[in-house]
Amino acid sequence: MSDFTATDHLMMARALRLAERGAYTTRPNPMVGCVVAHGDEVVGEGFHQRAGEPHAEVIALQAAGKRAKGATVYVTLEPCAHTGRTGPCAEALVKAKVARVVAAMRDPFPQVDGAGFDKLKDAGIEVASGLMEAQARELNRGFLSRIVRGRPWVRVKLATSLDGRSALANGDSKWISGEDSRADVQRWRARAGAIVTGAGTVLADDPSLTVRLGDDTPFEPPLRVVLDPGLATVSRGKVREGEAPTLYVHAPNTKLSRGIDAQLAVADVAHGEFDLLAVLKLLADREINEIHVEAGATLAASFLEAGLVDELLLYVAPVILGSKARPLFDGLNIDSMADRLELDVVESRHFGRDIRVLLRSRAAVA
């Protein structure tokens with residue numbers, strides 16, 4: 001860890017803000033921002049927008065032109081050292097003859113993982129890392145989860161009444177939360193690689209699970225994933241409509257009808273329930289960094305009980321539904337206070353009359 005100046009912090013904060021602009025488009029790649037500067041003068045900057053397109057460093061170097069020579073480059077993730085769909089950024093930095101590279105964090109991706117830093121150092125470029133690392137890790141928590149843990153980051157979204165109810169006894173849940181909350185949910189959907197639900201929710205609510213931002217913000221439609229052991233919903237519902245792709249995950253022994261026009265995947269089932277970790281791993285194999293779960297009380301409880309919830313996105317509406325209404329989690333068996341599940345409040349914000357609370361598992365590592 002180097003001694004970083006106030007200018008270093010200012011420039012890295014700028015790079016992080018740039019990186020965040022790719023939140024809805026970069027997947028499966030990480031979000032990366034880059035600033036090229038001489039002291040406190042910015043001469044070039046950029047962010048990675050889409051997989052297969054130029055990386056943040058290349059865009060920033062192109063903007064800087066000849067002024068990149070002798071400059072300090074601030075980048076939110078270690079420059080890549082391998083050739084994928086684009087060339088290695090470390091090599092581009094060497095060719096530009098920059099003097100110093102400050103990175104927020106090392107890239108754990110096996111084909112990088114220190115190799116980018118080594119290439120820069122071998123060329124005589126000063127390298128420092130660890131500046132605002134916590135913020136950089138938070139930004140790319142989904143990518144880091146997939147690379148390090150082998151599974152996507154899991155966020156479960158729920159709307160609840162003040163008395164912890166998710167729907168009336170007859171299943172009616174439209175609308176517990178207000179319009180402002182529902183608009184906010186679209187932003188969370190847009191940053192996910194997949195939106196996951198269960199067959200029961202498809203049958204009861206017929207959701208489309210699409211992203212509707214209401215403006216011109218670019219985004220890549222997330223994969224819609226329906227956990228349906230017997231493929232009871234494969235030929236019905238709004239979840240099949242629109243441009244967003246849909247994947248049905250079913251049990252190994254399910255008989256497949258001829259002519260099924262859908263993406264299918266298999267995951268193990270025990271006692272009528274999916275092995276959710278296996279589901280997450282098959283999604284990681286499809287390069288899904290982050291999943292957004294919008295499902296009923298039973299599937300939400302199953303994710304919690306399996307210890308697979310990293311974030312809980314809870315919209316609390318100022319209404320009371322009563323004791324006959326359905327619980328927020330159904331089937332979550334906790335018999336003693338010692339077994340209670342504890343979450344940390346990361347943030348709380350008002351959206352109209354509702355309060356959005358973002359909670360995080362203590363076991364989650366960004």
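The lining of the second largest pocket draws at least two residues from each of α1 (6–20), α5 (133–139), α7 (179–191), β17 (343–351) and β18 (354–361), where helices (H or I, at least four residues) and strands (E, at least two) are DSSP runs numbered from the N terminus. This is a predicted model, in which local features need pLDDT of at least 70 and side-chain atom pairs count only at pLDDT 80 or more, while totals for chains, interfaces and linings use all residues. Residues are numbered from 1 along each chain as its sequence is written, and side-chain values use heavy atoms, without hydrogens and water.

Helix α7 gives the largest share of that lining, four residues, and the lining as a whole divides into eight nonpolar, two polar and 12 charged residues.

Strand β3 (residues 72–75) is covered on both faces, with T72 and Y74 buried on one side and V73 and V75 buried on the other; buried means under 20% relative accessible area with a 1.4 Å probe, protein chains only. Its pairings, each requiring at least two DSSP bridges between the strands, are as follows.

| Partner of β3 | Sense | Bridges | Facing residues |
|---|---|---|---|
| β1 (residues 33–38) | antiparallel | four | A37 and T72 |
| β4 (residues 100–103) | parallel | four | A103 and V75 |

In helix α4 (residues 115–122), the residues G116, F117 and L120 are buried. They lie on the same side of α4, because they cover an arc of only 100° around the axis, taken from the directions from the helix axis to the C-beta atoms. After α4 comes G124, which has a positive phi near 85°.

Definitions and conventions. Buried < 20%, exposed > 50% of the residue type's maximum accessible area, 1.4 Å probe, protein only. Nonpolar A, V, L, I, M, F, W, Y, C, P; charged D, E, K, R; others polar.
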